[in-house]
Amino acid sequence: MNLKSKSKMFKGLVEKIDIALSDGTSFDEIAGKLKNIHIKIRDEYVKPLPTDLCTQLAKNELENR
């Protein structure tokens, strides 16, 4: 995988995270949306965010509102 495709993949991941954080209204909804984020690497779909990270991002988002 070359640098350009990695950059495109990362940009897509960040956009999906941003959408999940802004659309959710409760902790469970935000954490659930983050956990369901997936990206395509070659012919596979991968969920790149571990549960602990999803939990922490959801807590931070709710605290900052």
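This is a predicted model: local features need pLDDT of at least 70, side-chain atom pairs count only at pLDDT 80 or more; totals for chains, interfaces and linings use all residues.

A: Residues are numbered from 1 along each chain as its sequence is written, and side-chain values use heavy atoms, with hydrogens and water left out.

Q: What does the C-alpha trace span along its principal axes?
A: About 35 × 20 × 15 Å.

Q: What percentage of the 65 residues is buried?
A: Buried residues make up 20%. Buried means under 20% relative accessible area, exposed over 50%, and partly exposed in between (1.4 Å probe, protein chains only).

Q: Which residues of α2 are buried?
A: In α2, residues 27-35, they are I30, A31 and L34. Seen down the axis of α2, these buried residues fall within an arc of 95°, so they line one face of the helix. The arc is that of the directions from the helix axis to the C-beta atoms.

Q: Why would residues three or four places apart point the same way?
A: An α-helix has 3.6 residues a turn, so residues at that spacing point the same way.

Q: What do the buried residues of α2 pack against?
A: Against α1 (3-23) and α3 (51-63).

Q: Which residues make up the largest nonpolar core?
A: That core has 12 residues: L13, I17, A20, L21, I30, A31, L34, I37, I39, L49, C54 and A58. The elements that give two or more residues to this core are α1, α2 and α3. The largest share, 4 residues, comes from α1. A nonpolar core here is a set of buried Ala, Val, Leu, Ile, Met, Phe, Trp, Tyr and Cys residues joined through side-chain atoms within 4.5 Å.

Q: Zoom in on I30. What does I30 touch?
A: I30 is in helix α2 and is buried, with a relative accessible area of 0%. Not counting residues up to four places away in sequence, I30 touches A20, L21, G24, T25, A58, E61, L62 and R65. Contact means heavy atoms within 4.5 Å.

Q: What is L49 in contact with?
A: Leaving aside neighbours within four places in sequence, L49 contacts I17, L34, K35, I37 and C54.

Q: On to the loops. Where is H38, and what does H38 contact?
A: H38 sits in the loop between α2 and β1. H38 is partly exposed, at 34% relative accessible area. Outside the four places either side in sequence, H38 is in contact with K16, Y45, V46, K47 and P48. H38 and P48 are 10 residues apart in sequence and 6.5 Å apart in space, C-alpha to C-alpha.

Q: What is phi of R42?
A: Near 55°, a positive value in a residue other than glycine. R42 lies in the loop between β1 (39-41) and β2 (44-46).

Q: Is R42 buried or exposed?
A: R42 is exposed, with a relative accessible area of 64%.

Q: Where does S26 lie?
A: In the loop between α1 and α2. S26 is partly exposed, at 32% relative accessible area. The C-alpha atoms of S26 and T55 are 12 Å apart, and the two are 29 residues apart in sequence.

Q: And where is P50 found?
A: In the loop between β2 and α3. P50 counts as partly exposed, at 46% relative accessibility.
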